[in-house]
Amino acid sequence: MNRRRWLIPLAIGIIFLGGIIYWGYHQFTVRKQLEIALTNKYYRSFYDTLSNIQNVEVLLSKLLVAQAPQLDSQILMEIWQRANAAQTNLNQLPLPDISLSRTAKFLTQVGDYAYSLAKKVSLGQEKNAQEWETLQKLYKKASTLNVDLQDIERQIASGKLHLSELSRQTGRVLQRKETGLASRNFQQVEEHMKGMPTLIYDGPFSDHLEKSQPKGLTGSKITVDQARKKALGFIDRRYAQENYAVERVSISKGKIRAYNVEIASRLPNFQERVTVAVSETGGHVLWYANARNVGPEKLTLRQAREKAQQFLIRRGYTNLVPTYHEQGGGLAVFNFAATQNGVLLYPDQIKLTVALDNGQILGLEATGYLMTHHRRDLPQPRLTAAQARKKLSPHLKNVTGGHLALIPVGADKEKLVYEFRGELDKDTFLVYINALDGKEEQVLRLVRNTEGVLTL
Amino acid sequence: MSGRAAAMFLSFLLILLIAFFAVFFSGVFPDPARAQSRTLYWGLSGGDVYRLQQQLSAWGYYTGPADGVYGNQTQEAVILFQRYNGLVPDGVVGPNTWAALGFSPTYAYVPAEPETVSRGISNRGDIYLLARVIEGEAADEPFIGKVAVGAVILNRLRSAAFPHTLAGVIFQPHAFESVSNGQYNRPVTEESLRAAMMAMSGWDPTGGALFFWNPAKPVNPWIWTKNILTQIGEHVFAR
């Protein structure tokens, strides 16, 4: 009997211990597997980055000696692809303490520059001396980058460096000294990317676009008090102005310097918080947004658009016409484009959010409009709408439209075009024909569903 | 003690042990999505009560502390909210009140069938993904702060230094804390969806920011070298 007494707890203890050991081992193997899977992904990203950058380097050097436009075009398109693939993979590397933003930017710009140059040489033009020099500069940077990455690869191959260090998030504080090695190596890569020349070309990532100045910002500097008054008078209020008070004004130092005016309603049973950004120059409303809750939908889209239009007219925007809309969560967002002598100016758009419960304007976005809007010297069209229509594809059915519009082309260019709308099967397309030389500038597909009308 | 009793005790313990492991391996942790739709009334406590209090105080109905306990003050605030929103003022947070508060675990964006189906092309997936990160990063921020976080993500898309797809930006390793730790899997509120929609339509309260952080929390020192544009709610926005 006495022997049994200690046998039972012993048995329980052994079962417990066995259970815990099994559980612990299970956890350990699962964790190990996950870590290996993750590390493998990181290695894949690293080696993909490496081989793509090596290709970019070689291709850039080939460009320096190639002369024929059609060969240039081929090489440039491949650079575009390789550089983008390298950028994508580089951004997948888990580097918690450092940023590889300069390297990523370099790769984006190499790809973007190659693409814009490819478009040029595909028209049969040879690259000029200045472009050759730019390519040479890019080649030198690419080879530095390549050498640095090869260096890291050598350390990995010789077992000095493990990318798995980077995936080990737990206990990072304790092993910070050792994990610093991989970070330090990549830090060096980033250091060598300093002193990258400014690249100006016709592409979305060109450096000159960073410094673009607002064209629609007229008037002189305003004071904080003027900004408060402007904000209170501008927003769409349900009650008289006395029921609203400015709670706070802060300064925003974005592309357009502005006062952010925070307004709250004073009525106890009517909670509204509205933030209005009023530009320091000229006191234009850049945007505003009302954070109130939206009830069940009662208005139709047509009624909501009517409300939006009336609001714009009351606020002095009389030259705008509605273009597209989106809908969701009890709201409708309407896009309005400016017009000049009957020409639709697509670059200059204002967006309005209308609450579909009572038609209140909950938001306005005019930053884009203020960046681009100005009186343009529109050229005289050399083609009539009927002549332009003949340039359309014969596959396009039920063609309508044919009014003049100004559309953005490339990074910051604008072209005068005729806009046509046509159908193929169930899909609707917008086709833009240049009003000066009859070239087909752009095809957009119109997507219409319950969420609204979008262009892709 | 007889042998029989000992054997029974042993088998009882064994069952207990098995039960213990069964629970452990199946994961005892509650699913936040399910916890959200629980009906709340006086006397309860928990994370959902906390979220309720947060929302009620954000809208000015509740002035007490957000302590996660459904007390008298919370009940009064709920009744007040229900009265102003045309609900039965019973002080119980059921599905209708949850919905009026903007919490909808399964968010039906557009229930109706589209009139002309454009082969399923829409940007709804993008808006939803964006809303999830906004919810994860800025759940307790004011509405403008939510739009601002959405705008930062979209600004990154247009920046040369960041990935060029929405998923690329969001799932970049270590880019967003809530994505790294899974917080962005929380149910999305109506407010976050609206913020995502407005950010997608072009609202940018930050004026072109690429970074944001909470200055009260420890961050990488290099982030302070960025050019600070503005502060909205608890977040600093920088380029």
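Axes here are lines fitted to C-alpha atoms, for helices over the stretch in contact, and the angles between them run from 0 to 180 degrees between N-to-C directions. With that convention in place, I turn to chain B of this predicted model.

I start with α6(B) and helix α10 of chain B, which spans residues 190-200. Their axes come within 8 Å and cross at roughly 120 degrees. That angle makes α6(B) oblique to α10(B), and the crossing is right-handed. On the α6(B) side, the residues that meet the partner helix are B:Asp126, B:Ile127, B:Leu130, B:Ala131, B:Ile134 and B:Glu135. They face B:Ser192, B:Leu193, B:Ala195, B:Ala196, B:Met197, B:Ala199 and B:Met200 in α10(B). Sorted by class, this contact has 10 nonpolar, one polar and two charged residues.

From α6(B), the contact draws on B:Leu130, B:Val133, B:Ile134, B:Glu137 and B:Ala138. From α7(B), it draws on B:Gly145, B:Lys146, B:Val149, B:Gly150 and B:Ile153. These residues divide into six nonpolar, two polar and two charged. B:Leu130 and B:Ile134 belong to this contact, and they also take part in the contact with α10(B).

I now move to chain A. It contains 10 helices and 13 strands. How does its radius of gyration compare with the globule rule for 456 residues? The radius is 30 Å, well over the 23 Å that the rule gives, so chain A is more spread out than a compact globule. Along the principal axes, its C-alpha atoms fill a box of roughly 100 × 75 × 55 Å.

The domain assignment of chain A gives domain 1 as 29-211, domain 2 as 224-372 and domain 3 as 385-455. Between domain 1 and domain 2 of chain A, the C-alpha centres lie 42 Å apart.

Helix α2, residues 69-90, and helix α3, residues 101-121, have axes that come within 8 Å and cross at roughly 155 degrees. Angles over 145 count as roughly antiparallel, and α2(A) and α3(A) are therefore roughly antiparallel to each other. In this pair the crossing is left-handed. The contact residues of α2(A) include A:Leu76, A:Ile79, A:Trp80 and A:Ala83. Those of α3(A) include A:Leu107, A:Val110, A:Gly111 and A:Ala114. By class, the contact has 16 nonpolar, six polar and one charged residues.

To close, I return to the two chains in turn. In chain A, α2(A) and α3(A) are roughly antiparallel.

Conventions: Residues are numbered from 1 along each chain as its sequence is written. Chains are lettered from A and ligands numbered from 1 in the order in which they are written. This is a predicted model: local features need pLDDT of at least 70, side-chain atom pairs count only at pLDDT 80 or more; totals for chains, interfaces and linings use all residues. Two residues are in contact if their C-beta atoms, placed from the backbone, lie within 7 Å. Helices (H or I, at least four residues) and strands (E, at least two) are DSSP runs, numbered from the N terminus. Ala, Val, Leu, Ile, Met, Phe, Trp, Tyr, Cys and Pro count as nonpolar, Asp, Glu, Lys and Arg as charged, and the others, Gly among them, as polar. The radius of gyration is taken over C-alpha atoms; the globule rule is 2.2 Å times the number of residues to the power 0.38. Angles under 35 degrees count as roughly parallel, over 145 as roughly antiparallel, 65 to 115 as roughly perpendicular and the rest as oblique. A crossing is left-handed if the near helix is turned anticlockwise from the far one by less than a right angle, and right-handed if clockwise. Domain bounds come from an automatic or database domain assignment.
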